[in-house]
Structures are given as structure tokens and as C-alpha cells.
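User: I would like to go through the labels used for this structure and see what each one rests on.

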Amino acid sequence: MSRRQRVGGVRLAFDKVPPSAKSAFLRARKAELSYSRQLRKVARHIGDLVTGLFDADDPASAGIVERALRRYAITIEGWAGSVGGRMVAEVAARDRKAWKAVSREMGTAVHREIANAPTGTLLRKRLADQVSLITSLPTEAADRVHKLTLEGITNGTRAGEIADEIMKTGEVTRGRAELIARTEVSRTSTELTRARAESVGSTHFIWRTAGDSDVRPSHRSLNGQAFAWSDPPECDPGHHALPGAIWNCRCYAEPILKDD
């Protein structure tokens with residue numbers, strides 16, 4: 001794709017933005033690692049609750065585990081707000097830094113528009129989403145224990161098999177925690193980039209991948225193509241999303257800015 005092109009009949013360019021600013025729109029890897037560490041703490045505690053309270057020889061212990069996990073979800077709400085808030089703030093600071101580099105090249109007026117972009121509502125929603133997702137870890141674990149117990153009763157599954165699956169709950173939760181961290185950091189970054197880009201008149205972006213062998217084939221085929229912010233492509237079968245705004249996606253959006 002050329003550096004200067006027509007998208008929807010409007011001449012657009014990203015020429016004026018230095019390479020250092022372009023690279024700033026990459027995923028916030030540091031924020032993801034930090035967020036993942038915090039969410040793994042929840043997964044570890046869930047594992048401890050299960051192993052400490054579940055007794056394969058006591059049918060009532062599954063109910064005890066389930067209730068303990070649901071209480072834990074309520075207990076960590078405040079902590080979830082703090083952890084989620086730190087992640088959102090870190091990603092927002094990184095996004096501001098990226099746009100500051102862009103606006104230096106494009107003049108004072110653009111800098112002022114970017115600085116005043118309406119991101120407050122977006123940030124509050126992103127924070128609320130994080131609290132919901134973090135507290136869902138123990139509630140989903142509780143649902144899993146309940147479901148496994150019912151399956152054992154209704155399907156006649158051997159008690160030993162059910163017990164083994166219940167004991168894996170912490171491990172399953174860890175995988176879910178890592179998925180949340182990876183996806184939510186990228187999603188927050190993408191949505192902030194979009195909000196600031198649209199505030200200065202950007203209507204389109206270029207899909208960029210991480211450029212390695214782990215990139216999904218469907219995402220690799222989108223690399224370098226331009227799309228409207230309001231009309232993201234089908235990046236996975238049946239799913240339209242912006243880069244970084246779908247599970248396990250490490251892609252990012254490079255804003256296309258008007259030539260004037």
C-alpha cells in the first residue's frame with residue numbers, strides 16, 4: 001500500500017508522522033504483562049480455595065467451594081477497580097504520548113484538539129468492564145464447579161473423574177485470566193486511539209499486525225489494508241472488529257490522518 005492514497009474519495013496521508021510516532025501505536029506490552037500478573041493472583045487464590053475446601057469423599061464440599069468462590073468475587077470488587085484502573089491509566093498515558101508525538105508534527109491546533117478529545121466516558125466504561133471481568137473469574141469458577149457437580153449426578157460420571165476436573169479449576173481460570181489481560185489491554189489501546197483519531201477528523205486506519213509467525217492467517221491477510229473506523233473488517237469468521245479489539249489479537253490500528 002502506498003504512503004499516499006485515496007480512501008472513500010478523500011486524499012489521505014500519514015507521511016507527516018515520524019517513524020517513532022507510528023511505532024508508538026503498537027500494543028502496550030508492559031501494561032499487558034503487569035495486568036496479567038495481577039489477574040494470575042486471582043487465579044492462584046481460586047486454585048487455593050478449590051484445593052483447600054474440596055474433598056472428593058464429601059459430596060457437600062463442592063457446594064462449600066462454590067459458595068466460597070462467589071463470596072470471593074464480592075470481596076475483590078474494590079481491588080478489581082484499583083487494578084483495572086491502573087491498567088487503563090497506563091494504556092491511556094501511553095496513547096497520549098503517542099499522540100503528542102503526532103501533534104508536534106502537525107501543529108498547535110491539532111495538539112489542542114487531541115488533548116481535548118472526549119475520552120472520559122470511554123475510560124470510565126473501560127474501567128467498569130475490567131471490574132466486571134475480574135470479578136467474573138471466581139464466579140465463572142463457581143459456575144464450573146456447580147456444572148461439574150450436576151453433570152456427575154445426572155450423567156452418572158464417576159466421582160473420581162468429576163473430582164479431577166474440579167481440581168483443575170485454578171488452572172482453567174489462569175488461562176482465562178491471561179486471555180482477559182491480553183485482550184483488554186489491546187482493546188483499551190485501540191479504542192483510545194480511535195477516539196483521538198476521530199477527534200481530529202480521521203475516518204480510516206491501516207490494519208497492522210505484529211509481523212511474526214503467530215499472527216492468525218485471517219489477520220495477516222488484512223495487514224496494510226485501510227478500513228473505516230466505523231466499519232471494521234471481518235477479521236475472524238462471523239466477527240467484525242478493529243485490530244486489537246478481539247480475543248488474543250496483537251494487531252494495532254495505524255490512524256490515517258487527513259493531508260491538510
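**Labels and their grounds**

Analyst: Apart from neighbours within four places in sequence, Ser-202 is in contact with Ala-197, Trp-229, Pro-255, Ile-256 and Leu-257. The model is a predicted one.

User: What makes these residues contacts of Ser-202?

Analyst: Contact means heavy atoms within 4.5 Å. Trp-229 is one of the residues that Ser-202 touches, although the two are 27 residues apart in sequence; their C-alpha atoms are 8.5 Å apart in space.

User: Where is Ser-202, and why is it called buried?

Analyst: Ser-202 sits in the loop between α8 (169–199) and β3. Its relative accessibility is 4%, and buried means under 20%, so Ser-202 counts as buried.

User: Why does Ser-221 get the label partly exposed?

Analyst: Ser-221 has 45% relative accessibility. Buried is under 20% and exposed is over 50%, with partly exposed in between, so Ser-221 counts as partly exposed. Ser-221 lies in the loop between α9 (217–220) and β4.

User: What makes Phe-205 and Phe-227 an aromatic pair, and why tilted?

Analyst: Ring centres must lie within 6.5 Å; planes under 30 degrees apart are stacked, over 60 edge-to-face, and the rest tilted. With 6.0 Å between centres and 40 degrees between planes, Phe-205 and Phe-227 form a tilted pair. This pair links distant parts of the chain, Phe-205 being in strand β3 (residues 204–208) and Phe-227 in strand β4 (residues 226–228), 22 residues apart.

User: How do you know whether Phe-205 and Phe-227 are buried or exposed?

Analyst: The limit for buried is under 20% relative accessible area. Phe-205 is at 0% and therefore counts as buried; Phe-227, at 14%, is buried too.

User: Which pair do Phe-205 and Trp-229 form?

Analyst: Phe-205 and Trp-229 form a tilted aromatic pair, 4.9 Å centre to centre and 40 degrees between the planes. This pair also links distant parts of the chain: Phe-205 is in strand β3, while Trp-229 is in the loop between β4 and β5 (234–236), 24 residues away. Trp-229 has a relative accessible area of 1%, so Trp-229 is buried.

User: What makes β3 and β4 paired strands?

Analyst: Pairing needs at least two bridges. Three bridges join β3 to β4, and the strands run antiparallel. Phe-205 stands opposite Phe-227 in β4.

User: How do you know that β3 pairs with β7?

Analyst: Five bridges join β3 to strand β7 (residues 252–258), in the antiparallel sense, against a requirement of at least two. Trp-207 stands opposite Ala-253 in β7. Four of the five residues of β3 are buried, and β3 is mostly covered.

User: Why are α6 and α7 called roughly antiparallel?

Analyst: Helix α6 (residues 120–155) and helix α7 (residues 159–167) pack at about 175 degrees, with axes 10 Å apart. Angles over 145 degrees count as roughly antiparallel, and therefore α6 and α7 get that label. Arg-144, Val-145, Leu-148, Thr-149 and Gly-152 in α6 meet Ile-162, Glu-165 and Ile-166 in α7. By class, this contact has four nonpolar, two polar and two charged residues.

Note on methods: Residues numbered from 1 in each chain as written. Predicted model: local features only at pLDDT ≥ 70, side-chain atom pairs only at ≥ 80, totals over all residues. Heavy atoms only, no water. Helix = DSSP H or I, 4+ residues; strand = E, 2+ residues; numbered from the N terminus. Buried < 20%, exposed > 50% of the residue type's maximum accessible area, 1.4 Å probe, protein only. Axes fitted to C-alpha atoms, helices over the stretch in contact; angles between N-to-C directions. Parallel < 35°, antiparallel > 145°, perpendicular 65-115°, else oblique. Nonpolar A, V, L, I, M, F, W, Y, C, P; charged D, E, K, R; others polar.
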